[in-house]
Amino acid sequence: MVHAPLFAGLTLLTLVLLQSMRPRTFGTTAWAIRLAFIAATLFVAGILVEMLQGMIGRSASVHDAIANGLGILAATAWFAASGLESSVGRRALQLLGAIFIGLTWWGPFTIIRDCLKVDSDFPRIASFETPIEITRWHFNRGRRGRTKSNVTDGEFALKWTPKDAPHPAMTLLEVASDWSEVETLELDIVLNSKQPPADLVQPEQPDRTWELIVKVIDEDHEDYHEDVAKHYVTLRSGEPQHVVFPRQSIINGPKDRELDMTRIKMVSVLVHQPGPDVELVVDHVHATLKQPTAEQKQ
């Protein structure tokens, strides 16, 4: 959200200083060339800064480069508006500049609103009704998207196709931290696997099963293996599972301590050795809360 206003301010400052030092008549060729040169120079500088960030360990962002450019366009529109005699023309260019800034803020505002919903929606944790909900999760392996199959809450569920690797995981990074009143963590999940033709399956061969691990991780964790709460689930292809992770199991999960229910950091769903052609449909990730006692009700 800072990129566009920053480059707009830098562009305006440069144009105003040059105009005060070496004035050019508004609307002339020399004036237009200066305006275009300053805008192009600053836009290239913004791209170079993003490229440099990618070389020194920070992420180079195309969105940031576009925001820089829109900020420059906004400044040129405002600067040009200052030289117009027509009030209608001035207001039109001023509005155009504001629109350029607004375009860069739309995405960040959407993310901020979604971050606020993380706490306001709790104990509902994830229902995947909007595409932006998926951005709360980190998928270290595999493809993801929304689906209308095997939905248990709302109209959409998450479909995740994990990579054929030892333990791919999907981890919720945006979660309400205070679980002091949580009684259970629950979610619905279906694993689908392409089965071999019936004539290739040996009658005495048992059905293949998969191990799913649900993890709850607090801020005090020292590792992601022993110092977390883990709940194991056995899955068979095509069989829906309603997973319930009880409160006491979450608290007693870490090996040498109790998990802090007031400082929850992440929730992770891990599949052990999924194999090829496996997909998981996950929906209605939610917590249930303690019921108030008779005294509390009074």
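**Salt bridges and a surface patch**

Let's start with one residue. Asp227 has a relative accessibility of 9%, so Asp227 counts as buried. Buried means under 20% relative accessible area, exposed means over 50%, and partly exposed lies in between, with a 1.4 Å probe and protein chains only.

A word on the source. This is a predicted model, where local features need pLDDT of at least 70, side-chain atom pairs count only at pLDDT 80 or more, and totals for chains, interfaces and linings use all residues. Residues are numbered from 1 along each chain as its sequence is written, and side-chain values use heavy atoms, with hydrogens and water left out.

Back to Asp227. Which residue forms a salt bridge with Asp227? Arg257 does, with the closest N and O atoms 2.9 Å apart. A salt bridge here is a side-chain nitrogen of Lys or Arg within 4 Å of a carboxyl oxygen of Asp or Glu. Side chains of opposite charge can pair when their charged atoms come close.

Now look at where the two sit. Arg257 is in the loop between helix H5 (247-251) and strand E10 (264-272). Asp227 is in the loop between strand E7 (209-218) and strand E8 (229-236). So the pair ties together parts that are 30 residues apart in sequence. Helices (H or I, at least four residues) and strands (E, at least two) are DSSP runs, numbered from the N terminus. Arg257 is partly exposed, at 25% relative accessible area. Asp218 joins in too: Asp218, Asp227 and Arg257 are linked in a network of salt bridges.

How many salt bridges are there by this rule? Six.

Next pair. Asp153 and Arg124 meet through their side chains, 2.9 Å from N to O. This pair links distant parts of the chain, 29 residues apart. Asp153 is in the loop between strand E3 (143-147) and strand E4 (157-161), and Arg124 is in strand E1 (residues 124-126). Asp153 is buried at 14%. Arg124 is partly exposed at 38%.

Then a pair within one helix. Asp121 bridges to Lys117, with closest N and O atoms 3.2 Å apart. They are four residues apart in helix H4 (residues 87-121), so about one helical turn separates them.

Last, the surface. Phe43, Val44, Ile47, Leu48 and Met51 form a nonpolar patch there, with about 440 Å² of accessible area together. Patch residues have over 30% relative accessible area and no salt bridge; like charges are joined within 9 Å, nonpolar side chains (Val, Leu, Ile, Met, Phe, Trp, Tyr) within 5 Å. Areas come from the Shrake-Rupley method with a 1.4 Å probe, and for residues only the protein chains shown count as cover. Ile47 sits in helix H2 (residues 29-55) and is partly exposed at 32%.
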